[in-house]
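Thanks, everyone. Let me put the structure up, and then I'll walk you through it.

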Amino acid sequence: MDVSSLLLGLFGIIVSVVTFIFTYKQTIGARVERAKNVVNEVNKILYRNLILEKFIPTLEELNRILSSKILEHKIKESDLPAEIDFLNTLYTRLVEDELIDIRRKNKLILKIDEKIKTEIKKLLSEEPVEEKKEKEETFFFITALISIFVGMLSFLIPLYNFKIPSFDINKV
């Protein structure tokens, strides 16, 4: 076995694994960006509805909004924060806003605070639902192992001397 062919094979395996990892990270990065855009869109929707219509959605209504955004932007539900976090962000954004009249702001803050407390009570009274186990890490490792195995096979198969058994006519 030639040392240069061995090094070339190992180099091929390393390049295939590094290429896989790089493209996988790019794919995940794009999905994370889309998730950030969804969070910003939903926060804008909620704040606009709060200021213009004094409407604060329940977690069920917020879940409907998020479900449609998940389908629209092709992301996973696990990429987004919990629904209650959107209400907390709405509260924080309202507190930070300096342009709203203080009386109106206080009324809205109390309304949001009350909504958050009732929604938390609902969440605590409901039975806990098991969340789906995240399969990304498993998928990543299995795919990496497969790419290493294929790289090793593509290196080792040409080195193996295949001998086809045949009968020797002269010995019979």
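At what angle do helix α2 and helix α3 pack? About 100 degrees, with their axes 9 Å apart. Axes here are lines fitted to C-alpha atoms over the stretch in contact, and angles run from 0 to 180 degrees between N-to-C directions. The two helices are therefore roughly perpendicular, a term that covers 65 to 115 degrees.

Who makes the contact? From α2, Leu59, Leu62, Asn63 and Leu66. From α3, Glu83, Ile84, Phe86 and Leu87. Contact means heavy atoms within 4.5 Å.

A word on the source. This is a predicted model: local features need pLDDT of at least 70, side-chain atom pairs count only at pLDDT 80 or more, and totals for chains, interfaces and linings use all residues. Residues are numbered from 1 along each chain as its sequence is written, and side-chain values use heavy atoms, with hydrogens and water left out.

Now the whole chain. It has five helices and zero strands. Those are DSSP runs, numbered from the N terminus: H or I of at least four residues for helices, E of at least two for strands. Of the 172 residues, 26% are buried, meaning under 20% relative accessible area with a 1.4 Å probe, protein chains only.

Next, the core. The largest nonpolar core has 25 residues. Such a core is a set of buried Ala, Val, Leu, Ile, Met, Phe, Trp, Tyr and Cys residues joined through side-chain atoms within 4.5 Å. α1, α2, α3 and α4 each supply at least two residues. α1 gives the most, with eight.

Leu80 and Leu94 have the most contacts inside this core. Leu94 touches, among others, Tyr47, Leu50, Ile51 and Leu108.

How values were computed. Angles under 35 degrees count as roughly parallel, over 145 as roughly antiparallel, 65 to 115 as roughly perpendicular and the rest as oblique. Buried means under 20% relative accessible area, exposed over 50%, partly exposed in between (1.4 Å probe, protein chains only). Lists of a residue's contacts leave out its neighbours within four places in sequence.
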